[in-house]
Amino acid sequence: MNKILHKIYLFLILLFLYAPIATLVVLSFNASKTRAKWGGFTFKWYQALFQNEVILEAFYTTLLIALLSALFATIIGTIAAIAMNGMKKGSKAAFMAVTNIPMLNAEIVTGISLMLLFISFGMRFGFSTVLFAHITFNIPYVILSVLPRLKQMNPSTFEAALDLGASPVYAFFKVILPDIFPGIISGFLMAFTMSLDDFIITHFTKGPGLDTLSTKIYTELKKGIKPEMYSLSTLIFITVLILLLLVNKTPKDKKNKKGSLQEEIIL
Amino acid sequence: MSNRLIDLVNISKSFGSSLILDEMNLYVQENEFLTLLGPSGCGKTTTLRIIGGFESPDQGKVLFNGSDIASLPPNKRQVNTVFQKYALFTHMTIAENIAFGLKIKNKSKAYIQDKVKYALKLVNLDGFDHRMPDSLSGGQQQRIAIARAIVNEPKVLLLDEPLGALDLKLRQGMQYELIRLKNELGITFIYVTHDQEEALTMSDTIVVMNQGYIQQIGTPETIYNEPENAFVADFIGDSNILGSIMLRDELVEILGVKFACIDKGFGENKPVDVVIRPEDVELLSPNETNLNGVVTHLIFKGVHYEMEVEANGFTWLVHSTKMVPVGAFVSIAVAPGNIQIMNKPVSEDEEATAIDE
Ligand SMILES: Nc1ncnc2c1ncn2[C@@H]1O[C@H](COP(=O)(O)OP(=O)(O)OP(=O)(O)O)[C@@H](O)[C@H]1O
Ligand SMILES: [Mg+2]
């Protein structure tokens with residue numbers, strides 16, 4: 001009895017959360033152009049999508065910005081995390097707060113402030129401003145996923161490498177990096193996803209002439225509903241879903257490489 | 001003959017405003033097993049880290065074979081460390097861990113393979129080459145950490161409480177292993193512990209430290225039998241420490257009772273500290289001596305009985321194979337040779353002893 005109630009409750013929650021997206025997915029396969037009735041199953045909106053040059057262009061821009069911004073944010077964020085890990089408790093907490101604020105801050109505020117910043121520096125809006133903006137808001141995600149890895153590490157590990165004759169640089173690449181690598185990967189994927197996903201900040205920093213998929217969908221929808229946009233949104237949703245699943249499954253390489261014969265020798 | 005391999009000269013070190021080591025002088029001879037012994041926070045690890053190159057002293061010199069290495073980074077020193085928490089490289093196999101230092105020195109593949117095999121044999125873990133550190137027990141990881149350090153054939157091995165995380169049985173086993181290793185390899189060991197028994201068992205030389213000061217340097221026997229001050233006496237094993245008066249040579253007044261002793265040269269009517277080990281206190285029938293008391297506690301300890309005797313306002317700790325029941329009246333005797341006279345500690349040491357009262 002209790003179990004059934006649990007299940008119904010869970011079902012309602014999932015329905016509530018996913019009904020809008022499910023509608024979107026269903027509509028993207030609807031042959032009829034109106035939302036009101038089901039005209040049969042079709043792939044034609046998807047076909048139309050991949051023939052639409054404007055969309056493909058936006059797709060290319062989105063991908064490039066996501067890749068580049070995730071890459072730069074990963075490098076900057078990892079270095080920042082290492083520095084923060086070496087700090088004393090007080091300043092570490094202060095830095096942590098400073099990195100957390102942009103993530104909790106309303107995106108529209110971040111977007112407008114970045115826009116104002118770019119204007120005051122006299123930068124021309126376009127690819128580079130969007131890239132800068134995305135790097136900026138991606139850095140905290142990287143820090144947040146790398147820092148716990150660093151904290152887990154035995155602080156003597158680095159010193160042990162030096163002790164055995166390694167130079168600091170060699171020790172970093174051989175000993176620290178492999179240990180925090182899963183954190184770096186999940187930070188990168190997280191940043192990539194956030195960039196792919198972003199609308200508001202991009203909207204305020206892109207200027208005319210440049211579009212990512214999300215801003216493209218927005219302008220297209222303003223002109224009138226086109227079913228291609230349903231299929232595009234569906235594709236974005238699925239991509240982000242897969243990426244997030246990947247983030248949650250970052251490698252935990254803690255297995256024996258080869259089972260030794262003398263597994264159980266204990267002295 | 002007395003070849004000073006490492007010589008710490010006037011080393012001082014502060015962290016922030018707290019002085020951790022104050023003008024410390026210490027030398028280590030070739031092939032010696034030297035133990036730094038002292039309570040938590042006394043600066044043992046700091047001393048070791050200065051020798052290893054992980055901390056630089058604010059003042060003073062670190063001499064290695066006579067030349068100053070104070071500015072040499074850790075990777076350039078002929079010294080290897082076994083860290084307190086093993087610090088194995090978790091993403092590498094055991095073999096890769098042990099080979100780490102040799103690879104950096106560009107040794108040949110064959111040489112490395114031989115060395116890894118040899119080191120694993122030495123620590124009794126043959127066949128563990130392909131295991132990952134996480135799949136090993138604490139004791140096994142500890143031995144890998146030792147193997148990883150010794151394949152580099154360091155002149156000196158620094159060990160920071162290497163057995164601290166192991167249970168008693170394993171720890172005793174490892175103590176013998178370490179002594180065997182040291183004898184086989186002929187490496188100088190500098191060992192840190194706060195376990196006095198461990199220090200007494202393993203060392204050639206013990207350095208007793210407290211609050212950044214060296215209290216006494218000596219062989220285990222001297223440290224135990226002739227502690228130089230109350231702190232050392234108290235830290236090394238159980239003891240009765242009594243403020244007393246040296247009346248003249250070979251006569252000391254303890255708790256108002258005169259005792260014959262064998263020490264000379266303290267002057268007349270001089271306040272001193274007296275140490276008497278619990279196993280040196282003899283219990284006789286009442287009034288056989290001038291120090292009478294009553295037994296207040298009795299515990300059976302296996303080899304001996306541990307008793308507490310109230311006499312002249314002091315609680316004596318007594319170890320004896322003869323049992324005396326609680327409530328029995330006794331008198332106390334101590335052989336002159338078993339009364340150890342020490343100068344009252346001066347200035348900063350005074351503080352040190354106060355903690356343990
Ligand atoms: N990096 C540091 N910054 C500030 N204080 C430190 C630092 N390292 C050590 N100390 C302080 O120096 C003192 C001595 O530390 P040390 O680690 O040498 O003690 P220890 O004798 O090894 O003690 P334990 O037996 O607990 O390991 C302690 O009070 C410690 O808090
Ligand atoms: Mg320590």
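In this predicted model, helices H2(B) and H4(B) cross in a right-handed sense. H2 covers residues 94-104 of chain B, and H4 covers residues 138-150 of chain B. Their axes come within 7 Å and cross at roughly 30 degrees. Angles under 35 degrees count as roughly parallel, and H2(B) and H4(B) are therefore roughly parallel to each other.

Helix H7 (residues 156-163) and helix H8 (residues 168-197) of chain A have axes that come within 9 Å and cross at roughly 130 degrees. That makes H7(A) oblique to H8(A). The crossing of H7(A) and H8(A) is right-handed.

**Chain B as a whole**

How many helices and strands does chain B have? There are 9 helices and 20 strands in chain B. The C-alpha trace of chain B spans about 80 × 45 × 40 Å along its principal axes. Chain B has 357 residues, and 53% of them count as buried. Two domains are assigned in chain B: domain 1 takes in 4-225, and domain 2 takes in 238-353. Between the C-alpha centres of these domains of chain B lie 38 Å.

One open sheet of chain B has 5 strands in the order E15-E19-E16-E17-E18, with antiparallel pairing. Strand E15 (282-284) and strand E18 (314-320) of chain B stand at the edges. Each has a single partner strand, so one side of each is left without a neighbour in the sheet. On average, neighbouring strands of this sheet are turned by 45 degrees against each other, direction ignored. The partner of E15(B) is strand E19 (residues 329-333) of chain B, and 3 bridges link this antiparallel pair. Within E19(B), B:Ala333 stands opposite B:Glu282.

Another open sheet of chain B has 4 strands. Its order is E2-E1-E4-E5, again with antiparallel pairing. Which strands form its edges? They are strand E2 (18-29) and strand E5 (67-68) of chain B, and each pairs on one side only. Strand E4 (residues 59-64) of chain B is joined to E5(B) by 2 bridges, and the two run antiparallel. B:Asp68 in E5(B) stands opposite B:Leu63.

**Strand E11 and its partners**

Strand E11 of chain B covers residues 240-248. One of its partners is strand E14 (residues 270-276) of chain B, paired in the antiparallel sense over 7 bridges. B:Gly243 has B:Asp273 in E14(B) as its bridge partner. E11(B) also pairs with strand E12 (residues 251-254) of chain B, in the antiparallel sense over 3 bridges. Here B:Met246 stands opposite B:Val252 in E12(B). E11(B) and E12(B) form a hairpin with 2 residues between the strands. In this hairpin, B:Glu250 takes a positive phi near 65 degrees.

**Residues in loops**

Most residues other than glycine have a negative phi. B:Ala87 has a positive phi, near 50 degrees. B:Ala87 sits in the loop between strand E6 (79-82) and H2 of chain B. Phi of B:Asn287 is also positive, near 70 degrees. The place of B:Asn287 is the loop between E15 and strand E16 (292-300) of chain B.

A further loop residue is B:Lys107, found between H2 and helix H3 (109-122) of chain B. Along the sequence, B:Lys107 and B:Gln196 are 89 residues apart. In space, they are 40 Å apart, C-alpha to C-alpha.

| Residue | Relative accessible area | Class |
|---|---|---|
| B:Ala87 | 1% | buried |
| B:Lys107 | 35% | partly exposed |
| B:Asn287 | 61% | exposed |
| B:Cys42 | 1% | buried |
| B:Cys261 | 4% | buried |

**Cysteines and disulfides**

A disulfide is a covalent bond between the sulfur atoms of two cysteines.

Terms used
Residues are numbered from 1 along each chain as its sequence is written. Chains are lettered from A and ligands numbered from 1 in the order in which they are written. This is a predicted model: local features need pLDDT of at least 70, side-chain atom pairs count only at pLDDT 80 or more; totals for chains, interfaces and linings use all residues. Side-chain values use heavy atoms; hydrogens and water are left out. Buried means under 20% relative accessible area, exposed over 50%, partly exposed in between (1.4 Å probe, protein chains only). Domain bounds come from an automatic or database domain assignment. Two strands pair if DSSP finds at least two bridges between them. Axes are lines fitted to C-alpha atoms, for helices over the stretch in contact, and angles run from 0 to 180 degrees between N-to-C directions. Angles under 35 degrees count as roughly parallel, over 145 as roughly antiparallel, 65 to 115 as roughly perpendicular and the rest as oblique. A crossing is left-handed if the near helix is turned anticlockwise from the far one by less than a right angle, and right-handed if clockwise.
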